[in-house]
Amino acid sequence: MQMLLTVMVVVQMLSALVMIGLVLIQHGKGADMGASFGSGASGSLFGATGSANFLSRSTGVCAAVFFACTLALAYFGNLRASTGGGESILERAVPAASTAASAAPASQIPGAASAAAPVVVPQSPAPGASGAAQIPAK
């Protein structure tokens, strides 16, 4: 199964690279537009472009291969994840600290603030106060 996935990834990468190369070397549709307004004749400015040439057909085949490989890899990836015990990634996570270590008082932790330090809690404004009453005065 791992060998099949490796082959699928290699085929997908090769088809993507070939498709990028084919798109970059093709002649764009807008390249003939300047020729129709000046020194050339181009009948395909707003009309039909005719039959597809070898490059456009090859690009279509590479796109179909890339799409098929992407679907197959998504299917196999989902199949592999669902057969991994039936639990999610969060259920498989290992707890970071034991409960005994997290229950230690703050005074035993080096560098921790003392427990006698006062805690400042901001007070909320009255429920009916306007926005101007919530701005602190200087």
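Modeller: The mean pLDDT of the protein chain is 73, and 45% of the residues reach 70 or more; pLDDT is the predictor's confidence in each residue, from 0 to 100. This is a predicted model, in which local features need pLDDT of at least 70 and side-chain atom pairs count only at pLDDT 80 or more, while totals for chains, interfaces and linings use all residues. Residues are numbered from 1 along each chain as its sequence is written, and side-chain values use heavy atoms, with hydrogens and water left out.

Colleague: Which elements have the lowest and the highest mean pLDDT?
Modeller: Helix α5 (residues 99-102) has the lowest, 52, and helix α1 (residues 2-25) the highest, 94. Where pLDDT is low, the predicted coordinates should not be read in detail.

Colleague: How many helices and strands does the protein chain have?
Modeller: Five helices and zero strands. Both kinds are DSSP runs numbered from the N terminus: helices are H or I with at least four residues, strands E with at least two.

Colleague: Why does Ser-15 count as buried?
Modeller: Buried means under 20% relative accessible area, exposed over 50%, and partly exposed in between (1.4 Å probe, protein chains only). Ser-15 has 6% relative accessibility, so Ser-15 counts as buried. This residue of helix α1 touches Cys-62, Val-65 and Phe-66, leaving aside residues up to four places away in sequence. Contact here means heavy atoms within 4.5 Å.

Colleague: And why does Met-1 count as exposed?
Modeller: Met-1 has 58% relative accessibility and therefore counts as exposed. Met-1 lies in the segment before α1 and touches Phe-76 and Leu-79, again not counting residues up to four places away in sequence. The C-alpha atoms of Met-1 and Phe-76 are separated by 9.2 Å, although the two are 75 residues apart along the chain.

Colleague: What makes the nonpolar surface patch?
Modeller: Met-3, Val-7, Val-11, Val-61 and Val-65 make this patch of about 420 Å². The elements that give two or more residues to the patch are α1 and α3 (54-82), and α1 gives the most, with three.

Colleague: Why does Val-7 count as partly exposed?
Modeller: Val-7, found in helix α1, has 41% relative accessibility, so Val-7 counts as partly exposed.

Colleague: And how much of the protein chain counts as buried?
Modeller: Of its 138 residues, 11% count as buried.

Key:
Patches are made of residues with over 30% relative accessible area and no salt bridge: like charges are joined within 9 Å, nonpolar side chains (Val, Leu, Ile, Met, Phe, Trp, Tyr) within 5 Å. Accessible areas come from the Shrake-Rupley method with a 1.4 Å probe; for residues, only the protein chains shown count as cover. A salt bridge is a side-chain nitrogen of Lys or Arg within 4 Å of a carboxyl oxygen of Asp or Glu.
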